[in-house]
Amino acid sequence: MKRDVVAVINDHHRVLADLMDQLLALQSSPSYRRLFDEFAKGVGALLRAMDLSVIPLMKIEGWKQVSSQLLREHVELKHQLGELLTTRLDTPAYTAALNTMALKLRRQQRIGVEQLFPW
């Protein structure tokens, strides 16, 4: 069962990483908005799954072996998604926000794997 959860979360992160790579490469493409919407929904689903299942389970377990860094990264990822959703696409601020999102998403995946699924 644990391996199934790990596999699902890792697969979800891989899909999001692939979408992020496409977003970074196709920022001026006509299909960009559709791709971004798919990415935003995927990140939203990941954040919601963390809020509804992973974080409550960590709380039940007494927060054993989980650093505050994981929780900070989770909140920062939410904030960065909000920045992307509210910044105009055709601005340098958007490009900066997209690059920051890519870094935060990769960092959250790495930290999550290290701290939540060390087995």
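Contact here means heavy atoms within 4.5 Å. The model is predicted, with local features requiring pLDDT of at least 70 and side-chain atom pairs pLDDT 80 or more, while totals for chains, interfaces and linings use all residues. Residues are numbered from 1 along each chain as its sequence is written, and side-chain values use heavy atoms, leaving out hydrogens and water.

Helices are DSSP runs (H or I, at least four residues) numbered from the N terminus. In helix 2, Phe36, Ala40, Val43, Gly44, Leu47, Met50, Asp51, Ile55 and Met58 meet Leu70, Leu71, His74, Leu77, Lys78, Leu81, Leu84 and Leu85 of helix 3. The axes of helix 2 and helix 3 (residues 68-86), which are lines fitted to C-alpha atoms over the stretch in contact, come within 11 Å and cross at roughly 155 degrees, on a scale from 0 to 180 degrees between N-to-C directions. Helix 2 and helix 3 are therefore roughly antiparallel, a term for angles over 145 degrees.

Phe36 also takes part in an aromatic cluster with Tyr32 and Tyr94. Rings of Phe, Tyr and Trp (its six-membered ring) pair if their centres lie within 6.5 Å; planes under 30 degrees apart count as stacked, and over 60 as edge-to-face. Tyr32 and Phe36 are stacked, at 6.5 Å centre to centre and 15 degrees between the planes. Because they lie four residues apart in helix 2 (residues 32-60), about one helical turn separates Tyr32 and Phe36. The ring centres of Tyr32 and Tyr94 are 6.2 Å apart with planes at 80 degrees, so this pair is edge-to-face. It links distant parts of the chain, Tyr32 in helix 2 and Tyr94 in helix 4 (residues 92-116), 62 residues apart.

Methods
Helices (H or I, at least four residues) and strands (E, at least two) are DSSP runs, numbered from the N terminus. Angles under 35 degrees count as roughly parallel, over 145 as roughly antiparallel, 65 to 115 as roughly perpendicular and the rest as oblique.
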